[in-house]
Amino acid sequence: MKCISAKICFLKESEGGRACMPVGAGYSPHIVFSGTEDYLAVHVLEVPKDTQQGEEFIGTIELMYPEGVDYSAFRNGAEFELLEGSRIVGSGKVEAAE
């Protein structure tokens with residue numbers, strides 16, 4: 001699978017974010033890039049245990065369907081929102097895309 005490095009920040013609960021942080025591996029939100037409406041399925045490989053809501057961290061994002069979905073929006077510097085359903089729970093910026 002193809003992986004992307006990104007700066008990620010989860011919204012605080014008071015800003016409409018999650019009640020708690022997704023810790024460890026296994027978090028699979030959708031990403032929508034600024035200026036687009038396409039929901040792209042991804043997997044965040046790990047959220048550091050000491051990360052707090054509102055704090056940025058560098059994470060690795062795995063593209064879930066690289067063969068069947070157009071992930072060309074993943075370009076260095078591209079900004080995105082993390083969504084759970086239609087709810088925005090965070091944001092990010094691509095740091096390194098191959």
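These legends describe close-up views of a predicted model.

**View 1. The largest nonpolar core holds 23 residues.** Which residues touch the most other members of this core? They are Ile 8, Phe 10, Ile 31, Phe 33, Ile 61, Phe 74 and Phe 80. Several strands give two or more residues to the core. These are strand 1 (3–10), strand 2 (30–33), strand 3, strand 4 (56–63), strand 5 (79–84) and strand 6 (87–96).

**View 2. Ile 61 and its contacts.** Residues up to four places away in sequence are not counted here. Ile 61 touches Lys 2, Cys 3, Ile 4, Ala 6 and Ile 8, among others. Its contacts also include Ile 31, Val 42 and His 43. Phe 74 and Phe 80 are touched by Ile 61 as well.

**View 3. His 43 makes a polar contact with Ser 28.** His 43 sits in strand 3 (residues 40–44). Is His 43 buried or exposed? His 43 counts as buried, because its relative accessibility is 17% and the cut-off for buried is under 20%. The side chains of His 43 and Ser 28 come to 2.9 Å in their polar contact. Leaving aside neighbours within four places in sequence, His 43 is in contact with Gly 26, Tyr 27 and Ser 28, among others. Thr 60, Ile 61, Glu 62 and Met 64 are also in contact with His 43.

**View 4. Phe 10 and Tyr 27 form an aromatic pair.** The structure has 5 aromatic pairs. In one of them, the ring centres of Phe 10 and Tyr 27 are 5.6 Å apart. Their planes stand at 65 degrees, so the pair is edge-to-face. Phe 10 belongs to strand 1, and Tyr 27 to the loop between strand 1 and strand 2. The pair therefore ties together parts that are 17 residues apart in sequence. Phe 10 is buried, at 2% relative accessible area. Tyr 27 is buried too, at 8% relative accessibility.

**View 5. Phe 33 and Phe 74 pair edge-to-face.** The centres of the two rings are 4.8 Å apart. What makes the pair of Phe 33 and Phe 74 edge-to-face? The planes are at 85 degrees, and edge-to-face needs an angle over 60. Phe 33 lies in strand 2, whereas Phe 74 lies in the loop between strand 4 and strand 5. The pair thus ties together parts 41 residues apart in sequence. Both Phe 33 and Phe 74 are buried. Ring pairs also join Phe 33, Tyr 71, Phe 74 and Phe 80 into a cluster.

View 6. How many salt bridges does the whole structure hold? The search finds 2. Arg 18 and Glu 84 meet through their side chains at 2.5 Å, N to O. This pair links distant parts of the chain, 66 residues apart. Arg 18 is in the loop between strand 1 and strand 2, and Glu 84 is in strand 5. Glu 84 also meets Arg 87 in a salt bridge, at 3.7 Å, N to O. Arg 18 is buried, with a relative accessible area of 17%. Glu 84 is partly exposed at 27%, and Arg 87 is partly exposed at 38%.

**View 7. Cys 9 is in no disulfide.** The structure holds 0 disulfides. The cysteine sulfur nearest to that of Cys 9 belongs to Cys 20, 16 Å away. A disulfide would need the two sulfur atoms within 2.5 Å. Cys 9 is buried, with a relative accessible area of 17%. Cys 3 is partly exposed, at 28%.

Definitions and conventions
Residues numbered from 1 in each chain as written. Predicted model: local features only at pLDDT ≥ 70, side-chain atom pairs only at ≥ 80, totals over all residues. Heavy atoms only, no water. Buried < 20%, exposed > 50% of the residue type's maximum accessible area, 1.4 Å probe, protein only. Helix = DSSP H or I, 4+ residues; strand = E, 2+ residues; numbered from the N terminus. Polar contact = N/O pair within 3.5 Å; in protein donor to acceptor, adjacent residues only side chain to side chain. Contact = heavy atoms within 4.5 Å. Core = buried A, V, L, I, M, F, W, Y, C linked by side-chain atoms within 4.5 Å. Salt bridge = Lys/Arg side-chain N within 4 Å of Asp/Glu carboxyl O. Phe/Tyr/Trp six-rings, centres within 6.5 Å; stacked < 30°, edge-to-face > 60°.
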